[in-house]
Amino acid sequence: MAASTSTAKPEFPWWLAAAAVLALAAALAIASSDLYAEVFATVAKGIGITIFVTAVAFALASALGLGIALMALSGSQWLRQIARFYVEIIRGVPILVLLFWIAFAGAPAFVAAWNALTAPLQSAGLMGELLVRDVSLLWRAIMALTIGYSAFISEVFRAGIQSVEKGQIEAAKALGLSRAQRFRLIVFPQAIRMILPPLGNDFVAMVKDSSLVSVLGVADITQMGKVYAAGSFRFFETYSIVAYIYLILTIGLSLALRALEQRLRRQHQE
């Protein structure tokens, strides 16, 4: 029997329709209730910090992860072993534990090392002594997220780079392209199609994990919700609004990334 040539119709996203109805109902509740409007106005003050922490930490983690991935694919055995050591150790530590370690152990150690290295300059009066309090909790949180996610992102880059056919790399070598030119012109443009979906998932996950910075008192969405709930004892209303804002952010990002992925796939097929 001949195989059917008809293509299946795309499935209607009922889940998205249900989510849109819930979002609309929540928006109407916020608009019609003074209490919910007050909670939303308070919690929404942390959206800027959440976006800033996520954007900066993800950009730094992507840059660091790419460097670790290139080390893992290096011809040097020592570089490969260092990269594997970094990835396995960092991935084995929970983000929350890493956050506490960076904030209360790593930052003081960094300050002590910095002062030791710059001691001659400090003695000459060319620069002042760095104090632990000079390193804000916001940047300690960003560094923790950067280090924690760089290990996962490095594996995404490594898998994407290894997915490029070796024949194309050999052809680029035959044309006399340098290693950097091969990566920039041949490998990375093809690998990005494989890298983008899991990289987008990591970005969405970081939006949610950015809520962990609230344990350091950073004024993100979760922290603003904690402060309001502690003062008003309106825990149901407050954390419902917190969950609502995170859902709007994460689902919106997921849909945008999915649309970008489909666009890249269509361009590749053309």
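Q: Which residues of α1 meet which residues of α2?
A: Contact means heavy atoms within 4.5 Å. In this predicted model, A29, I30 and S32 in α1 meet D34, Y36, A37 and F40 in α2. By class, the contact of α1 with α2 has five nonpolar residues, one polar and one charged. Ala, Val, Leu, Ile, Met, Phe, Trp, Tyr, Cys and Pro count as nonpolar; Asp, Glu, Lys and Arg count as charged; the others, Gly among them, count as polar.

Q: What do I read for the packing of α1 and α2?
A: Two packed helices are described by the angle between their axes and the distance between the axes. Here α1 (residues 14-32) and α2 (residues 34-43) pack at about 105 degrees, with axes 5 Å apart. Therefore α1 and α2 are roughly perpendicular (65 to 115 degrees). Helices are DSSP runs of H or I, at least four residues.

Q: How many aromatic pairs does the structure hold?
A: A pair of aromatic rings is described by the distance of the centres and the angle of the planes. The structure holds seven pairs (ring centres within 6.5 Å). The rings of F12 and W14 have centres 4.6 Å apart and planes at 65 degrees, so this pair is edge-to-face (over 60 degrees).

Q: What limits apply?
A: Residues are numbered from 1 along each chain as its sequence is written, and side-chain values use heavy atoms, without hydrogens and water. Local features need pLDDT of at least 70, side-chain atom pairs count only at pLDDT 80 or more, and totals for chains, interfaces and linings use all residues.

Notes
Axes are lines fitted to C-alpha atoms, for helices over the stretch in contact, and angles run from 0 to 180 degrees between N-to-C directions. Helices (H or I, at least four residues) and strands (E, at least two) are DSSP runs, numbered from the N terminus. Angles under 35 degrees count as roughly parallel, over 145 as roughly antiparallel, 65 to 115 as roughly perpendicular and the rest as oblique. Rings of Phe, Tyr and Trp (its six-membered ring) pair if their centres lie within 6.5 Å; planes under 30 degrees apart count as stacked, over 60 as edge-to-face and the rest as tilted.
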